[in-house]
Amino acid sequence: MSAKPNPRVTVTSLRKMKREAEKIAMLTAYDASFAKVLDDQGVDVVLVGDSLGMVIQGHDTTVPVSMDDMVYHTRAVTKMCQRALVIGDLPFMSYTSPDLALRNSARLMQDGGAHMVKLEGGAPQVATVSQLAHHGVPVCAHLGLQPQSVHKLGGYRVQGRDEAVARQMLDDAKALQDAGADLLVLECVPVTLAEQITQALEIPTIGIGAGRECDGQVLVLHDMLGISPRAPKFSHDFIGSGATIAQAVTAYVQAVKAGTFPEDQHCFF
Ligand code: KIV
């Protein structure tokens with residue numbers, strides 16, 4: 001008798017994980033082979049991030065990534081994920097209006113097979129999130145450091161140390177949830193602010209450089225496998241010496257679930 005496959009992770013099971021304090025393990029993937037390893041090792045959510053512009057295409061930023069690139073890589077990943085929920089990233093300039101966001105989300109979901117889309121931004125994206133939610137598109141929002149705005153920000157920096165910016169981020173998080181967002185990535189945010197936002201929301205928060213109190217963690221796959229030329233402070237090399245890729249991914253999932261990753265050295269205070 002063949003084993004029953006694990007049920008797919010959904011927006012409902014992610015909320016249940018938050019309520020039951022089970023940490024959510026998320027990683028990026030951009031191709032079928034890695035997607036299968038992540039799915040097999042119990043990664044709950046696989047993000048086809050526009051970080052592929054940097055780790056796959058060799059650009060300095062995510063800005064040059066196109067919709068065609070995102071659809072191509074999302075399709076490769078979704079083919080191999082039987083349990084994980086797959087998020088397709090909307091790249092720079094692909095969601096400058098609610099209608100454009102809707103058209104491009106349809107491409108990620110219909111051509112790419114994504115189960116959710118992700119976009120960066122706070123208050124200015126509330127109308128877009130509402131439009132997507134209204135049409136049945138699950139949305140992961142993204143606050144804190146927004147890499148698509150790197151040229152406007154003047155570099156990759158921690159966001160929310162200033163009290164007014166922190167207050168705005170909390171308000172934005174609530175507004176995005178109220179507009180229908182299902183998940184919220186917090187990138188490079190001080191630990192106490194990420195904790196405050198996490199406690200204020202019913203939807204799960206996923207931290208990257210945002211401390212242990214988030215409901216889950218995400219890393220760029222190439223950073224946690226130790227093969228990025230410039231791995232950020234908030235990442236950890238899970239492959240160490242001698243582990244296989246599958247063992248490194250298992251170690252990551254176990255560390256996130258146990259709450260032992262991130263450690264203080266990966267956080268901003
Ligand atoms: O593109 C990406 O991989 C991301 C993560 C860093 C959250 O947005």
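User: In which sense do strand 2 and strand 3 pair, and over how many bridges?

Analyst: This is a predicted model. Strand 2 covers residues 45-48 and strand 3 covers residues 85-89. Within this pair, V48 stands opposite G88 of strand 3. The sense is parallel, over 4 bridges.

User: Which residue of strand 7 does L186 stand opposite?

Analyst: Strand 6 spans residues 183-187. Strand 6 and strand 7 are parallel partners over 4 bridges. The residue in strand 7 opposite L186 is G207.

User: What is the handedness of the crossover from strand 6 to strand 7?

Analyst: The two strands pair in the parallel sense. Between them the chain passes through helix 9, residues 191-200. This β-α-β crossover is right-handed.

User: Which residue of strand 8 faces I206 across the pairing?

Analyst: Strand 8 is residues 216-219. It pairs with strand 7 in the parallel sense over 2 bridges. Opposite I206 stands G216.

User: Are the residues on the two faces of strand 7 buried or exposed?

Analyst: Strand 7 runs over residues 205-208. T205 and G207 lie on one side, with I206 and I208 on the other. Buried means under 20% relative accessible area. Both faces are covered, and all four named residues are buried.

User: What radius of gyration does the chain have, and why does it agree with a compact globule?

Analyst: The C-alpha trace spans about 50 × 40 × 40 Å along its principal axes. For 269 residues, a compact globule would have a radius of gyration near 18 Å. The chain agrees with that because its own value is 17 Å.

User: What share of the residues is buried?

Analyst: The accessible surface of the chain comes to about 11900 Å². Carbon and sulfur atoms account for 52% of that surface. Of the 269 residues, the buried share is 53%.

User: What percentage of contacts in the chain between residues at least 6 apart join residues at least 24 apart in sequence?

Analyst: A contact here needs heavy atoms within 4.5 Å. The count takes in contacts between residues at least 6 apart in sequence. Among these, the share joining residues at least 24 apart is 64%.

Methods. Residues numbered from 1 in each chain as written. Predicted model: local features only at pLDDT ≥ 70, side-chain atom pairs only at ≥ 80, totals over all residues. Heavy atoms only, no water. Buried < 20%, exposed > 50% of the residue type's maximum accessible area, 1.4 Å probe, protein only. Pairing = 2+ DSSP bridges. Right-handed = clockwise from strand over helix to strand, strands pointing away. Rg over C-alpha atoms; globule rule 2.2 N^0.38 Å. Areas by Shrake-Rupley, 256 points an atom, 1.4 Å probe, with all protein chains shown as cover.
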